[in-house]
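User: Hi! Could you walk me through this structure?
Analyst: Happy to, here it comes.

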Amino acid sequence: MDWTALRLSLLLGLWTLALLLPAAIWIGRWLAYSEFRGKSLIEAMLALPLVLPPTVLGFYILIATGGSSTLGRIWQSIFGGPLAFSFEGLVFASLIANLPFAIQPIQQAFAAIPRDLREAAACCGLSPWRGFRLIELPLAWPGLLTAAVLTFAHTLGEFGVVLMVGGSIPGETRTIAIAIYDRVQAFDDQAAGLMAAALLVFSLGAIAATTALSKRIGRRHG
Amino acid sequence: MADNLVVELRQAGPIPLDVRLDCPASEVLALLGPSGSGKTTILRAIAGLLHPQEGYVACGEAVWLDTARNINVTPQQRRIGYLFQHFALFPHLSARQNVMAALEHRPNADRAARADDLLARVHLDGLGERRPAQLSGGQQQRVAMARALARDPAALLLDEPFSSVDRATRDKLYREVAGLRRDLAMPTILVTHDLGEAAMLADRLAVLHHGQTLQTGRIGDVLARPASATVARLIDIRNIFAARVAAQEATRTLIDWNGLLLEAAPQPDFAPGDACAWCIRAAQIVLHRRDRPSQGERENPVPGRIAELVPMGDTVSIDFAAEHNGDRLQFTLSSHVAARNDLAPGIAATVSLRAEGIHLMPPDTTDA
């Protein structure tokens, strides 16, 4: 078992969650409640990472973060190191690749809250922030949970994008998915099998826990 | 200290509105109209959930909306108790927490006790811990009412509050709300499409059609004297016909109903020769006893035939075709009266139209 790779994958997952979830809540809620021209285009763009081959997505992210790109140069000038082939570059790639996994369940969860509940909150005198905290967030909770689990599990399993943007630098960009690939290439089936099984058990457990929790919350709200 | 609620709304679309309402404190004003007549839209505009193109909404000194002066206060700042049609209870909160959500203007320490007081007031003592899904429709309506009152509102808006509960519960809730409103010194607007509900709970009635107030007045006045054939239809008067004013006399107005002269209570606004519409409530139509004629039969007798007879439990709905022009008069009778008179489709009979019940209106220009 490559513990460094596992640690790196978990760290990548946590960073992605911490940065993406607040943004996804804001974007998902905005898309759920608003009707405007161009909304379908924005939704399509946010869903692109779902359908694009990971290597294509990774290629464009690599171009966008490379040393000759604007983003790459700004990063280099501020932090003194390259964005591509670094852990930070992986986090950036992971944020882009996970947009649909985070936003779509959250958008659906907010869209499912009846309008009259939000209006009732306003008529009760609750400020928009209080209404969000007291009414919307608890009702959208199953969607948030699904988004978190999907994002985390997808980050752990992401291969193509990570390989394109990060390569396989031990301790920096070699995640567990890359490590499995490396082990298979080195004919170390035992280590590859162990890590694959660990990922499988984790993913299954996460999905099962989400489903169970969502059902429990659903019953409570019934 | 309660104040009048004054509402003026105008907009061309998407839902057209042309409304003026004035609801004094301690009064219940019923908004009556068919589906799509803009009733709920008006409540939403009063609550600040919808912004009309032009409008003025004020409760006493507090101006909540004045488009001419760019005033548009948020729903949070309008002290309104709003009972939503499907109650809009927060499903993840208990009954008590639902009420407490509207008590955030009060000190934290007082909220639970105040919520329990309000729940007791709507006869829900002991059910405060239950979530909405664990309550019956009637109980949910009571929680919604307690929550609407929790804000110490300056005005109360009730959007078809009884439409989501069964008939038996509704009758019970009518009595409770009627009792409750006696204690409430605030203007209340009740949206309904049920005339009986309006008559039971409201002081005044505003009849709406296509977003327009067609007539506003005391309930008895509107029911007795609808301003137009459209209003008459909206307040469930089915007997509406065309006629011409034949003569105006000091004690009566005579109308010519396709050759049959009818006597009505004096209605001097119409000149002899004027075309008009007239209506009569079903309760003002009296069937002549076929076995034993009586004195009342001299009052506007109309011979004809029973065209249709529909049993409706204890009553029978009668469709009566006037002999002289074939127009249909509709009225109901007790089942035993219908049986005693051997009424059946095709049978010849005579009815009297009570002169006091005949109301004249401008000619009906609608196709309905």
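User: How far apart do the C-alpha centres of domain 1 of chain B and domain 2 of chain B lie?
Analyst: They are 39 Å apart. Before going on: this is a predicted model, where local features need pLDDT of at least 70 and side-chain atom pairs count only at pLDDT 80 or more, while totals for chains, interfaces and linings use all residues. Residues are numbered from 1 along each chain as its sequence is written, with chains lettered from A and ligands numbered from 1 in the order in which they are written.

User: Thanks! And where are those domains in chain B?
Analyst: Domain 1 covers 5–230 and domain 2 covers 238–361; the bounds come from an automatic or database domain assignment.

User: How many residues does the contact take from each?
Analyst: Six residues from domain 1 of chain B and five residues from domain 2 of chain B, with contact meaning C-beta atoms, placed from the backbone, within 7 Å.

User: Switching topic, in what order do the five strands of the open sheet in chain B come?
Analyst: The order is β16-β20-β17-β18-β19, with antiparallel pairing. Strands are DSSP E runs of at least two residues, numbered from the N terminus, and two of them pair if DSSP finds at least two bridges between them.

User: Why is one side of β16 and of β19 left without a neighbour?
Analyst: Because β16 (285–287) and β19 (328–334) of chain B stand at the edges, each having a single partner strand.

User: What joins β16(B) to β20?
Analyst: Three bridges link β16(B) to β20 (residues 348–353) of chain B. In one pairing, L287(B) has V351(B) as its bridge partner.

Technical notes. Helices (H or I, at least four residues) and strands (E, at least two) are DSSP runs, numbered from the N terminus. Two residues are in contact if their C-beta atoms, placed from the backbone, lie within 7 Å.
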